[in-house]
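User: I would like to learn how to read ring pairs, charges over rings and accessibility in a model. Please give the general idea each time, then the case at hand.

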There are 2 protein chains.
Amino acid sequence: MDDEPAAEILDATYLALCEHGYAGLTIQNIADESDRSKATIHYHYDSKEELLAALLDDLYERYADRLDAADGDTARQRLDALVDVLLADEPPLDRAFHTAVLSVTARAPHDDAMQERVTAFDRRLFETLRDVVAAGVDADEFDDRVDPAVAAERLATTIKGAQLRRFGADRSTERCRDAVDGLVEAQLRPPAVAEGARR
Amino acid sequence: MDDEPAAEILDATYLALCEHGYAGLTIQNIADESDRSKATIHYHYDSKEELLAALLDDLYERYADRLDAADGDTARQRLDALVDVLLADEPPLDRAFHTAVLSVTARAPHDDAMQERVTAFDRRLFETLRDVVAAGVDADEFDDRVDPAVAAERLATTIKGAQLRRFGADRSTERCRDAVDGLVEAQLRPPAVAEGARR
């Protein structure tokens, strides 16, 4: 977006979403996060729906950037780095980001346009996980009987649950991380070590 | 609650939450779901916070009732029945119920009193899962090296993720169910059949 005030309003909307959650998102809260007035916000975005659509596009970019930032020399290292990024809870930034995404996801069932965008977030996560699992299978790091798409579905599901419990139910990071790591072990390890990994 | 109008208002609040989600919950929406006026609602509940606290207590009872309703002759059957209940998506009732719980969970990071109650929901789920896994280990249905608390943490995490993806990201029920079933197999099956269950 070349339009500077519009971009600034979008940044303020993101900050307001992180601070107040979807239910607390008001034009006043957005104005409070920027130097712009409510009137200026209304001038740049005709409706709250239009602003929200722009916000979700912006949030998607931030989400994709976070996923892409997870790197490593091996597939297993990349997978661990991805899980680190997805379960990072350093306040205020990580926690605010993940609660913002959760807030939008939980709102999606009530709003078709929103659900379409949230489904794109989900697909991006799935594809990223599938690609790293496939690379690990190709490199003989993971069991070659693993189906990358099946493993990625299961990983995505457990990771989303870990985020929901971590940030919603205030479950400890360690417990949520263990659930994800346990699944990674159970799904991807070569069968020879599978048994020993149980308690 | 002996107070009939108050109970009726609570039922209407539940219906409004299912219909509109937390962000769309207004006294007007609650009035629309009942025969009571906004003034009557304000008379019975001093503040929106008080009404919300009563709603969460009510939702907790409904949640506990759903978990308790899952039954079966064996631990494995009880576990499958629990997963059925937790991932049921028959519209409008199941879908509305689960999206209502998700909506409240995603709101929790922004509200300490709410987070305390959402954490109680989470603990109830964890304890129910832990008890059924422990019963299955005692009855030699599940591998006796399984730690019921560890398995229950992992199951709870994947089930919450399956709900979030099913109702938020509109992922298919089958894919989400497979993620949970895959975890049940990987965590609880006797080791002799462990390998064959992979693709």
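User: The charged end of which residue sits over the ring of Phe126(B)?

Analyst: A charge sits over a ring if NZ of Lys or CZ of Arg is within 6 Å of the ring centre and within 35 degrees of the ring normal. Here Arg171(A) has its charged end over the ring of Phe126(B), 5.0 Å from the centre. In chain A, Arg62(A) lies over the face of Tyr14(A), and the distance to the ring centre is 3.8 Å. This is a predicted model, in which local features need pLDDT of at least 70 and side-chain atom pairs pLDDT 80 or more, while totals for chains, interfaces and linings use all residues. Residues are numbered from 1 along each chain as its sequence is written, chains are lettered from A and ligands numbered from 1 in the order written, and side-chain values use heavy atoms, without hydrogens and water.

User: How many aromatic pairs does the structure hold?

Analyst: Rings of Phe, Tyr and Trp (its six-membered ring) pair if their centres lie within 6.5 Å; planes under 30 degrees apart count as stacked, over 60 as edge-to-face and the rest as tilted. Over all chains there are 6 such pairs. In one of them, the ring centres of Tyr63(A) and Phe97(A) are 6.4 Å apart and the planes meet at 20°, so this pair is stacked. It links distant parts of the chain, with Tyr63(A) in helix 4 (residues 48-69) and Phe97(A) in helix 6 (residues 93-107) of chain A, 34 residues apart. Helices are DSSP runs of H or I, at least four residues, numbered from the N terminus.

User: Are Tyr63(A) and Phe97(A) buried or exposed?

Analyst: Buried means under 20% relative accessible area, exposed over 50%, and partly exposed in between (1.4 Å probe, protein chains only). Tyr63(A) is buried at 3%, and Phe97(A) is buried at 1%.

User: What kind of pair do Tyr63(B) and Phe121(B) form?

Analyst: Their centres lie 5.2 Å apart with planes at 35°, so the pair is tilted. Tyr63(B) belongs to helix 4 and Phe121(B) to helix 7 (residues 112-138) of chain B, 58 residues apart. Tyr63(B) is buried at 4%, as is Phe121(B) at 6%.

User: Where is Asp71(B), and which residues does it contact beyond its neighbours within four places in sequence?

Analyst: Contact means heavy atoms within 4.5 Å. Asp71(B) is in the loop between helix 4 (48-69) and helix 5 (75-87) of chain B. Leaving those neighbours aside, Asp71(B) contacts Gln77(B), Arg78(B) and Ala81(B). Asp71(B) counts as exposed, at 59% relative accessibility.

Conventions: Helix = DSSP H or I, 4+ residues; strand = E, 2+ residues; numbered from the N terminus.
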